[in-house]
Amino acid sequence: MDSFMAQWVYTDTVKDHFINPRNIWIKDENWQEDAFGEVGSLACGDQMRVGIKVADDKIADIRWLTYGCASAIASTSMMSEMVKGMTLKEAYNITPDMITEALGGLPEHKFHCSVLGDKALRAAIDNYLESRGLDNPYKRSVAKVVCECKGITDQMIEELVANDKAKTFEELVQLTGATTGCGKCKAKIEHLFEEMKHIHGK
């Protein structure tokens, strides 16, 4: 037992949110979402669904379900507490770094688990705005340029992967021209491409 505890790499906050997760979407609960978002795939072992209620342009309530690991459960539980009362803009801009910091850190090899919750939340907000015919200014604001030579953003890559338009890295390069300039971004984009495939179950 002592050797096991010595190897324990999770903070007490992570442990608390894993053992006592907040805002879980309970099947028999009388709770009706205004919108929901879903990312991941059971085929990859991680799947996340987030439902939201919106009032006065703010997240009034939130529920979530996941088949992910302990880190995914803890990070989504923390995220669900953080975004209550936030405006849609604030909630859309929450990042894995913010969630991880609130948890007191995650092991580096588990950081990818913390992106499931915020991506499903963004998908829920996208769904909310789209279903009501409202403009979505937030989607553009969170995009980050990952290939400066070609002006390619992480959002462009994610959409190509999610919509099955880029099933291989070679297809991604052909469609976008990414990495064909100076080439300095190649390792970063290869990593991003694999991460997006994992998140979207491709």
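Axes here are lines fitted to C-alpha atoms, for helices over the stretch in contact, and angles run from 0 to 180 degrees between N-to-C directions. This is a predicted model, where local features need pLDDT of at least 70, side-chain atom pairs count only at pLDDT 80 or more, and totals for chains, interfaces and linings use all residues. Residues are numbered from 1 along each chain as its sequence is written, and side-chain values use heavy atoms, with hydrogens and water left out.

**Exercise 1.** Work out how H2 and H3 pack.

*Solution.* Start with the axes: those of H2 and H3 (residues 70-83) lie 8 Å apart, at an angle of about 90°. The two helices are therefore roughly perpendicular (65 to 115 degrees). Next, list who touches whom (heavy atoms within 4.5 Å): H2 brings Thr13, Val14, His17 and Phe18, while H3's residues include Ile73, Met78 and Glu81. Sorted by class, that contact has 6 nonpolar, 3 polar and 1 charged residues.

**Exercise 2.** Do likewise for H3 and H5.

*Solution.* The angle between H3 and H5 (residues 96-103) is about 100°, and their axes are 9 Å apart. That makes this pair roughly perpendicular. From H5 come Met98, Ile99, Ala102 and Leu103; among the H3 partners are Met78, Met79 and Met82. The class tally for H3 with H5 is 8 nonpolar, 1 polar and no charged residues.

Note on methods. Helices (H or I, at least four residues) and strands (E, at least two) are DSSP runs, numbered from the N terminus. Angles under 35 degrees count as roughly parallel, over 145 as roughly antiparallel, 65 to 115 as roughly perpendicular and the rest as oblique. Ala, Val, Leu, Ile, Met, Phe, Trp, Tyr, Cys and Pro count as nonpolar, Asp, Glu, Lys and Arg as charged, and the others, Gly among them, as polar.
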